[in-house]
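The model is a predicted one.

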Amino acid sequence: MEHRIVGPGPYRATKLWNETVELFRSRMPLRKHRCRFKSYEHCFTATEAVDWLHELLRNSQNFGPEVTRKQTVQLLKKFLKNHVIEDIKGKWGQEDFEDNRQLYRFPPSSPLKPYPKKPLHQRDVIKFPEWNDLPPGTSQENIPVRPIVMNSEMWFKRHSIAIGEVPACRLVHRRQLTEANVEEIWKSMTLSYLQKVLGLDSLEEVLNTKLVNSKFIIHNVYSVSKQGVVILDDKSKELPYWVLSAMKCLANWPNCSDWKQPMYLGFEKDVFKTIADYYGHLKEPLLTFHLFDAFVSVLGLLQKEKMAIEAFQICCLLLPPENRRKLQLLMRMMARICLNKEMPPLCDGFGTRTLMVQTFSRCILCSKDEVDLDELLAARLVTFLMDNYQEILKVPLALQTSIEERVAHLRRVQFQKSYPEVYQERFPTPESEALLFPEKPKPKPQLFMWALRKPFQPFQRTRSFRM
């Protein structure tokens, strides 16, 4: 049961769905079963399907050993709903699949998911300001000019220009990089860096670049605390105080200095349920719907851990600041709870780590398309986040340095490179200067008497001296 590794790229979730369906249909053992005094050929029980598919997913590098049996049942429910399987009576379309002895079979043809047709988004070409571009609201006609007082010097300048001795000067407006230009540079270079890390020819089918907000990137880079957590300007988007207090309580358990409520047996379970309820009722996952394909694409790099961390760093910079802050605080709490040996079990049926992944994976990553493998992919992503959250939620220093140097370079652009025609008129090249000013014969150097004398000779030993 080998599962082909699906690397980064467009429609990765769809490719994984089709890959899993094909493996399940081609390799799932089928045999004869009896049900209510009747025999059925080429079928399998629900429990047999769960056992086999669970083992396949756990051994797959696309999903990993963190896949639970419950998640496998959820996937088989989607298989039944999408007519990948049907019961022995030919019924399908409902998600009433249970882990029991119910008999199922494969239909004659199992439809694979077609790749969605997304409209191609044209790449936004950044137009940097030209030196000859006038500022908005300015034209050559309304340029303020000082009244000229005619004197002998001014008359000589005009006369020289008239007879062609001095090239005429033109007024050139030197434009500085505006805030909008800097924002476009941050957006363009960040997306270009992400495309390079993913090894893709284009991000068009992975990410709608028009939905990327450059202000979010800049805010996530510079508006951070000493601990690296994003600081929000709009305090109304902060976590509610009671949620933040509950998260601090579990993160610092049993030292809950900020918690003023009395504690009782099972208190920590109720606090955890309060946090889970808040995150579970978010209108949109923390990684947002439009970035789903980008994060799923990065999951194809998990075999190259360093590259995966770098790609996740860039993707997390694209998040709205309030989402990035909530994600940072949530991941810190989850990691601390998992490492806290004094924390009592928060659930009887699951271990602490599995509980964290199962509880918060859907509020972190989820797709609008319910038939995708979003639950398995989200669990895979959250598991990797928990193990590497300190590195992933850092600002990528190499990217920041590269963009800052680029902006600084554009601010130092010389007039010669930006406006070569005017520069050539005002400052001629050595070739044109030689035509205007012929080379004069150089005078011969004067001959001095001391130049005829022999230069000073250093002291040389002789044989007589050595004797």
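In helix H6, which spans residues 214–222, the buried residues are Ser214, Ile217, His219, Asn220 and Val221. At the start of H6, Asn213 places a side-chain oxygen within 2.9 Å of the backbone nitrogen of Lys215.

Val298 belongs to helix H9, residues 292–298. The relative accessibility of Val298 is 0%, and because buried means under 20%, Val298 counts as buried. What surrounds this side chain and backbone? Apart from neighbours within four places in sequence, Val298 is in contact with Leu198, Ala308, Ala311, Phe312 and Cys315. Another residue to look at is Leu194: its C-alpha atom is separated from that of Val298 by 9.7 Å, although the two residues are 104 apart along the chain.

The next topic is the packing of two helices. H2 (residues 46–58) and H3 (residues 69–81) pack with their axes 9 Å apart, at an angle of about 110°. Angles of 65 to 115 degrees count as roughly perpendicular, and H2 and H3 are therefore roughly perpendicular to each other. Their crossing is right-handed. On the H2 side, Thr47, Ala49, Val50, Asp51, Leu53, His54 and Leu57 take part; they meet Arg69, Thr72, Val73, Leu75, Leu76 and Phe79 of H3.

Ile85 and Phe24, together with Phe360 and Ile364, have the most contacts inside the largest nonpolar core, a set of 115 residues. Helix H13 (residues 374–392) contributes the largest share of this core, 11 residues. In soluble globular proteins, nonpolar side chains tend to be buried together.

Last, the chain as a whole. The protein chain comes to 18 helices and 4 strands. Buried residues make up 42% of its 467 residues. Among contacts between residues at least 6 apart in sequence, 70% join residues at least 24 apart.

Key: Residues numbered from 1 in each chain as written. Predicted model: local features only at pLDDT ≥ 70, side-chain atom pairs only at ≥ 80, totals over all residues. Heavy atoms only, no water. Buried < 20%, exposed > 50% of the residue type's maximum accessible area, 1.4 Å probe, protein only. Polar contact = N/O pair within 3.5 Å; in protein donor to acceptor, adjacent residues only side chain to side chain. Core = buried A, V, L, I, M, F, W, Y, C linked by side-chain atoms within 4.5 Å. Axes fitted to C-alpha atoms, helices over the stretch in contact; angles between N-to-C directions. Parallel < 35°, antiparallel > 145°, perpendicular 65-115°, else oblique. Left-handed = near helix turned anticlockwise from the far one by under 90°. Contact = heavy atoms within 4.5 Å.
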